[in-house]
Amino acid sequence: MAYALLAAVPPVFGLYSSFYPILIYFIFGTSKHISVGTYAVMSVMIGSVTERLAPDSDFVIPGNDTNSTTLDIFSRDAERVKIAATVTFLSGIFQLLLGLVRFGFVVTYLSEPLVRAYTTAAAIHVIVSQLKYSFGINPQRYSGPLSLIYTVIEVCALLGQTNIGTLVVSIVTIIGLVAAKELSALAARKIPIPIPVELITIIIATVVSWQMDLKTEYGVEVVGKIPSGLQAPVAPAVSRLGSMVGDAFALAVVGYGIAISLGRIFALKYAYKVDSNQELIALGLSNSIGGLFNCFAISCSMSRTMVQVSTGGKSQVAGAVSAVVILVILLKIGELFEELPKAVLAAIIYVNLHGMMKQFGDICSLWRTNKVDMVVWVMTMILTVLFNPDMGLAASIAFSILTVVFRTQLPKYSILGQVPGTDIYKPVEDYNQVKEIPSIMIFRSSATLYFANAEMYIDALYEKTGVDVAKLLSHKKKLEAKRLRKEKKAAKKAKKEAKKRAKEAVKAAKGEEPQFSDTDESGEEAEANGDVHKLSVKDPKDVASVEVGPDPDTDTPLPQAIILDLSPVNFLDTVGVKTLRNIYKDYGEAGVQVYLCGCQRGVVESMEKGDFFNEKVTKSILFSSVHDAVLYCQQGNGEEVMQGTHL
């Protein structure tokens, strides 16, 4: 009944939502321990839809006086019930479709930090939505981004209109509930069955409200008419479906994510299996059929589940028994709670949300264990508070996936060394006792290789090996061009000198005195300097070869071999294959052999499809482990260790 207020529908529909869906889950569900039914987060999401599509302003009718107006509560509630049932029905259809196409893995995108932060932020939305019942005020309804902020501002502005009677009821109920729960916790060791504190509170509050006539004397808002019996099924409002598709999908994902997360916890604890796809179907049937009976979307509650487990519930029979109790209330004693103040229901919600508020402690624990998860927690909290729960969920999932992308784009690159006397290889920067193998560089990335980090992979390889192969090859090309220019110049000079010598020979034959040039001297000088070899007049094609020293900036000793440890790589895209091909080609031109090790089967298949292998590049460069590749390099051509080392 309390959660029905969150959904902005009459309290009796909370009882309906705790009856029909539970019976359906009892038949189709696979978790033995979770307690399905109304849930605060789901209820507040439903409430945001009902109040957005059926605001109070649409049901204001003019009064008898000229300036007076009256709110048609009956018509408003009827419309909101129809909207809540329709969005619940649609969310159930989404869950059914996802279950039929085996889409249960979608829950993998809802990490534990994200779910806990989301439920904490949703609890804040719940608390803010109940402030109007605690103070007896009627703030304006806001929707969309920053609606929570606007609502808080509106509530603060209306505090001067607080109904004192309602406020007193709220404070007394909260104090009484907290004290009773503390006493119940102390007595839990001696009493095997938990004390039903909330039920006792509702009974006492109803009796007091009835005896003191709080509604008439103090203006305290009460639950009102609770019809007896069950309602006939009603077709959903088809005309409304288009305006709530996004809300329904968010309800489907959130409800399933919370239920399957809690179900897996207890399945692991009690050693049985929960079928994620069957859970989708069970929840889908519960919501779609429940929507036909004017129920609103359900999930599972941690507090109810813990109570069910602590009292000995070992199967969904416990849920079926609770549904029977709800049926008795609906048929016989529901009308007894008509004088129950709504402020009491709001107080029950506040006290039961204290567990979610304790989840703020996750920030400190995540700061010590995993700062990325802490950032996900904080951002999920902020995004969900600033936006509605549905938009906040989508933004939070997007941010969580973005962190995964950043982790793969910023992996840890390492040079591996050998633990002496073993076949174990560890990063040299992390371990003091590992030793680098002379003339062999072993390079590893902590993430897979794909288009987003391919360039960084090459840069890190150049940095770790100490050799920028691209720069080295560029310098080599410049040297080659310089050598060719000098060869052409020397050949031209040799040809010219040959002509001169031929002329001198002709003159000598005629008896003329030959004219000597300083070419021989310069040629001898060049030969002495090591720039050109001796020039022969007989064969001008014997061109001088020029020896030019390397660029001092790139005069770094190259390793004989580089081993790329690809064991962390679980897939390769076309860019990744091209990157490995370029690395092999560039280092090969520089005289360094490249070997690959630890390749998974899918990686090798990607390399085959990407035409990585050819006549020059064979699978002989693949090794099953780093140690095998090292032994191969140390043996020269590796004849003694070829057997069993290649993939």
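Helices here are DSSP runs of H or I with at least four residues, strands are E runs of at least two, and both are numbered from the N terminus. A quick word on what you have loaded: this is a predicted model, where local features need pLDDT of at least 70, side-chain atom pairs count only at pLDDT 80 or more, and totals for chains, interfaces and linings use all residues. Numbering runs from 1 along each chain as its sequence is written, and side-chain values use heavy atoms, with hydrogens and water left out.

Now step back to helix 11 itself, residues 245–269. At 1.5 Å a residue its 25 residues should span 36 Å, and the end C-alpha atoms are 36 Å apart, which agrees. The expected span is 1.5 Å times one less than the number of residues.

Zoom out for a moment. The protein chain holds 25 helices and 10 strands. Of its 647 residues, 47% count as buried, where buried means under 20% relative accessible area (exposed is over 50%, partly exposed in between, with a 1.4 Å probe and protein chains only). Among contacts between residues at least 6 apart in sequence, 79% join residues at least 24 apart; contact means heavy atoms within 4.5 Å.

Next, select helix 3 (residues 20–28) together with helix 12 (residues 276–292). They pack at an angle of about 155 degrees, with axes 8 Å apart. The axes are lines fitted to C-alpha atoms, for helices over the stretch in contact, and angles run from 0 to 180 degrees between N-to-C directions. Helix 3 and helix 12 are therefore roughly antiparallel (over 145 degrees; under 35 is roughly parallel, 65 to 115 roughly perpendicular, the rest oblique). To see the contact, show Pro21, Ile24, Tyr25 and Phe28 of helix 3 against Gln278, Glu279, Ala282, Leu283, Leu285, Ser286 and Ile289 of helix 12. By class, that makes eight nonpolar, two polar and one charged. Here Ala, Val, Leu, Ile, Met, Phe, Trp, Tyr, Cys and Pro count as nonpolar, Asp, Glu, Lys and Arg as charged, and the others, Gly among them, as polar.

Hop over to Thr151 in helix 7 (residues 147–157). Thr151 is buried, with a relative accessible area of 16%. Leaving aside neighbours within four places in sequence, Thr151 is in contact with Val128 and Tyr142.

Another helix pair comes next: helix 18 (residues 371–386) and helix 19 (residues 389–409), packed at about 155 degrees with their axes 8 Å apart. These two are therefore roughly antiparallel as well. On the helix 18 side, pick residues including Val372, Met379 and Leu383; on the helix 19 side, Ala395, Phe399 and Arg407 are among those they meet. The contact has eight nonpolar, six polar and two charged residues.

Move on to helix 20 (residues 454–465), whose 12 residues should span 16 Å at 1.5 Å a residue; the end C-alpha atoms are 17 Å apart, which agrees. Colour its buried residues: Ala454, Tyr457, Ile458, Ala460, Leu461, Tyr462 and Thr465. Just after helix 20, Gly466 takes a positive phi of about 80 degrees.

Last stop: Val577, in helix 23 (residues 574–589). At 4% relative accessibility, Val577 counts as buried. Not counting residues up to four places away, Val577 touches Leu572, Ser606, Met607, Gly610 and Phe612.
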